[in-house]
Amino acid sequence: MSTTSSTSLGTPPVPIRQMMARNPRTTRAAFDRGFAVVCVFAAAFSVFALAVLLARIIWSGVNYLSWTFITGMAGSEAATSGIGYATVGTVCICIVCALTAIPIGIGTAVLLEEYRPRNEKARRVHDFVQLNITNLAGVPSVVYGLLGLTVFVYMFNLFGSVSNPGFEFGATHYDRFLTLGGKTVLAPVADHNSPDLKPSEVPQFYTDTEQPVAVEVASSEDLQPKLDEIDSRSADLTITLEAATKSGTLTTVDQIRKAVDDAWKAAGHANAIPVESADKIVASVKLAMDSTGRKARKALEAVSEEFARVEVREVFPNTILSNSVPQEEVKRAPWYLRIPFGRSVLTGGLTLMLVVLPIIIISTQEALRSVSRSLRQASLAMGATQWQTISKVTLPAAIPGIMTGIILAMSRAIGEAAPVLMVASGVFVPYLPQNLMDGFTAMPLQIYTWVGKPQEEFRQIAAAGIILLLGILLCFNGLAIYIRQRTQRMA
Amino acid sequence: MSVAPTDPVPNARRRIGKPKSTKLRDLLEGGVMTSLVLCGLFSILTTVGIVGTLFTDTVEFFSVKQVVAHAEDMPGKFESSGNASSFVVGQQEDGTKFRFLTHTSAEAAAIHSDEMLRPVIIIEDPEVRLIPRDPASKAPTIVLPVESYTIDRLTLKGTPPADVSSYRIELFHSPARVADFLTGGEWNPKLGSTPHFGIWPLISGTLMVTLIAMLVAGPLGLITAIWLAEYAPKRVRDVLKPVLEILAGVPTVVLGFFALTVITPQLRFEQFPMSLLSGILGVNPFNIGTYNVLSAGIAVGILTLPIITSLTEDALRAVPRALREGSFGLGATRFETSIKVTTPAALSGIIAAFLLAIARCVGETMIVALAAGQQPIDLAGAGASALDPRGGMQPMTGYLVAVIGGDISNFGIEYFSLYAVAAVLFVITFALTIVGHIIRVKFQQQYE
């Protein structure tokens, strides 16, 4: 029926149109329905991809999630490795990133949206800044990493190196000496480039906790008689013990311990012998009793060495040999700063700041743009200044949008690996950052290293790390979606 | 009119605030303005920083020189005549002689196999450097540029010092040249062998990944966006949009893991009886390497899918309702409306979305670093057959990560090569962003 009606209308003799016209309802409707089916499949692909991704990660990683993994440090063994230190590193660099990127980002957005200049020249500059931000948003993050490498890590090689920085703040340099008693004492040094101090030149030594400590400096010739005495005494003890064990007068552990204690007292020490040393000596004597030949002789040598060592500690607790060579030690305050920044937490945070800044600017601009014009005009009409209008009216009204943008930007910062890889201090960092200038590693970096390893176990702990990372990101994204939907409902 | 006229201004002032505070307020206003302008300047400064760093270090890349031979393995003597001098290569103990050559490695290879002229030095822009043998001596290092050279003689500009025997001689040249960099088909920065710095193997890696990613994400993203904008019921949209957002928020290193451990094994169809297929075809078409561009490209496609979808959907939604209703009113189906009316109307936005997605693919780093392989292809040697998506190809970003991961110092040719590659990357993404911006601004149809 429809065929006849459309041919009678005299449609142009284009083949497709003829075909469609001959069968307009069924063919065109079929196309429509078919396309809808194709659409559903296409849309299902993204859901499918996400589902497979999550399933695979959870399936291979969930067994490795444990408290030791979450808090631990990366190591050479998959079973004992953890992602805790990398998590702390990520938190540190993200805090630095947030503290720098949020004020600058909101400031730029306010400038671009609220302070539109009226004259032609200024407007051109304004448009240039806007275009520049569009462009910065498209720059690959790895390029920002290279920028961070030149500008923050090396600072164009203008200010010396990390080991010999051009500027330092909050660091105290020491020469560290070891006393005969096994304690370390520190001597402050004015300049870290000065040559090593001689112990006799040091006016005052300090302990690790900065307490002044009296230290005696002696040459090895001065000490020799006393050391000889100690040596002979420990040799005597060994001979006595050996004889006693052979003759069978010493058999039990308690008896041996008593003999050692007696020898210690006989040497004229007021304190008792340290327990761990006594234990060591007793164990060695026991070993000598139970074995023969070289092994027994070695065990007895160990007895004499340990006794001499503990006596030297007791007699010369605060004595330094006059020819001892110090090691350099730097104590860094929590507010330690230096230029250049080196591969540090501050560098990582600032590099991430460069990456997320365009995201924050663009989303804040959108949030400000959505604030109704009449609100601003009402405020200005009440006599408020431009800044009063912005700080009291526009920004509060735009806060949900700004917050969403910031949260999304921070979740980008958490997951970003390439720029951090460029400026991070290697992947194995066996310490937690104590100040802004300490090295760090981050979660995505740790995961990258683990995935890159050929062993299957490392891929599995990488999956466990990914579960943790995705968990954090899902929380962030969920928060952003929640804030947006709530404001949409309110609007 | 008995009442004296009062000044209206003090009254108004009293209402707004004390007049004393206006000065303070102006000061605050000015301070805020200044700090905001500083914020704006910061973004300009970032761009200047990127361009400046990439440019200066790329220049450094093309001017840094590398030692190609020491006097120890290159016996010879200096001959002086007037202002000029020359370095003549002598024979080595086994009778072989050094040869200075220029130009192509193919030429070098021909002479290589010719006779017993084993040691061949390919020199471009050479210089001879004389370094005092005694490091404690105050004698300076002397650099003598080479004016011309034949196969066994370097004619130098300037004369070496009289006691030339107390110097160590190094012949060095810049391995990177601008022309080779822009046209060369071999990328081999390793020390030891003759380094080649031709960018095309890295660019073709990047283009290959981008092509595969766009083949995956382009149609899927476009269709999904049309569906979301024209067909999908609100309930489905409320589910699909967050899914896409979560997919967009997945860190790229996670997608790299996905490419390596899921996509690559699946592409091999290991469950399928491959021997049957190879029996029929003679070859196994799914002979896919552990590191391959195909799976990396698919993963990058999954990454860009949400970007294309959301930007295209925004563009489609910006098309006014009246256009659609007009089309429906003329009897068109939804399919015809979306293909013939809304999509053409939103074309500028869609093209801009695609360009942005391509820029994102080009700059994508962690997925390709993990899954696309660590070896740049050899376009010069293997030709077009190297462009096999089943094998590994190192893209530009992959090279950056591979070099930085290998603990390099902050000087030397490898370090500077990072900046040259990053400069190419930056130029490509910059061009894509700007073109996308122009298309969006200039060709956007206004329906008011």
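Does B:Ile350 count as buried or exposed, and at what relative accessibility? In this predicted model, B:Ile350 has a relative accessibility of 6%, and because buried means under 20%, the residue counts as buried.

**Around B:Ile350 in chain B**

B:Ile350 belongs to helix α12 of chain B, which runs over residues 347–363. If its neighbours within four places in sequence are left aside, B:Ile350 is in contact with B:Leu222, B:Thr312, B:Ala315, B:Leu316 and B:Thr343. B:Phe87, by contrast, stands 263 residues from B:Ile350 along the chain, and the C-alpha atoms of these two residues are separated by 64 Å.

For chain B as a whole, the secondary structure comes to 16 helices and 11 strands, and buried residues make up 47% of its 448 residues.

**Helices of chain A**

Helix α6 of chain A, residues 120–138, has 19 residues and reaches 28 Å from its first C-alpha to its last, which is close to the 27 Å expected at 1.5 Å a residue. Its buried residues include A:His126, A:Val129, A:Ile133 and A:Leu136, and A:Gly138 is also one of them.

Two packed helices are described by the angle between their axes and the distance between the axes. Helix α5 (residues 84–114) and helix α14 (residues 386–415) of chain A pack at an angle of about 140°, with their axes 9 Å apart, and α5(A) and α14(A) are therefore oblique to each other. The crossing of α5(A) and α14(A) is right-handed. The residues of this contact between α5(A) and α14(A) divide into 13 nonpolar, 3 polar and 1 charged. On the α5(A) side they include A:Cys94, A:Ile102 and A:Glu114, while A:Ile390, A:Leu395 and A:Met410 are among those in α14(A).

| Site | Backbone angle |
|---|---|
| A:Ile339 and A:Pro340 | omega of about 5° |
| A:Met155 | phi of about 50° |

The peptide bond that joins A:Ile339 and A:Pro340 is cis, and A:Pro340 is found in the loop between β7 (327–339) and α12 (345–369) of chain A. A:Met155 has a positive phi although it is not a glycine, and A:Met155 lies in the loop between α7 (141–153) and β1 (167–178) of chain A. With 11% relative accessibility, A:Met155 counts as buried.

How values were computed:
Residues are numbered from 1 along each chain as its sequence is written. Chains are lettered from A and ligands numbered from 1 in the order in which they are written. This is a predicted model: local features need pLDDT of at least 70, side-chain atom pairs count only at pLDDT 80 or more; totals for chains, interfaces and linings use all residues. Side-chain values use heavy atoms; hydrogens and water are left out. Helices (H or I, at least four residues) and strands (E, at least two) are DSSP runs, numbered from the N terminus. The expected span of a helix is 1.5 Å times one less than its number of residues. Buried means under 20% relative accessible area, exposed over 50%, partly exposed in between (1.4 Å probe, protein chains only). Axes are lines fitted to C-alpha atoms, for helices over the stretch in contact, and angles run from 0 to 180 degrees between N-to-C directions. Angles under 35 degrees count as roughly parallel, over 145 as roughly antiparallel, 65 to 115 as roughly perpendicular and the rest as oblique. A crossing is left-handed if the near helix is turned anticlockwise from the far one by less than a right angle, and right-handed if clockwise. Contact means heavy atoms within 4.5 Å. Ala, Val, Leu, Ile, Met, Phe, Trp, Tyr, Cys and Pro count as nonpolar, Asp, Glu, Lys and Arg as charged, and the others, Gly among them, as polar.
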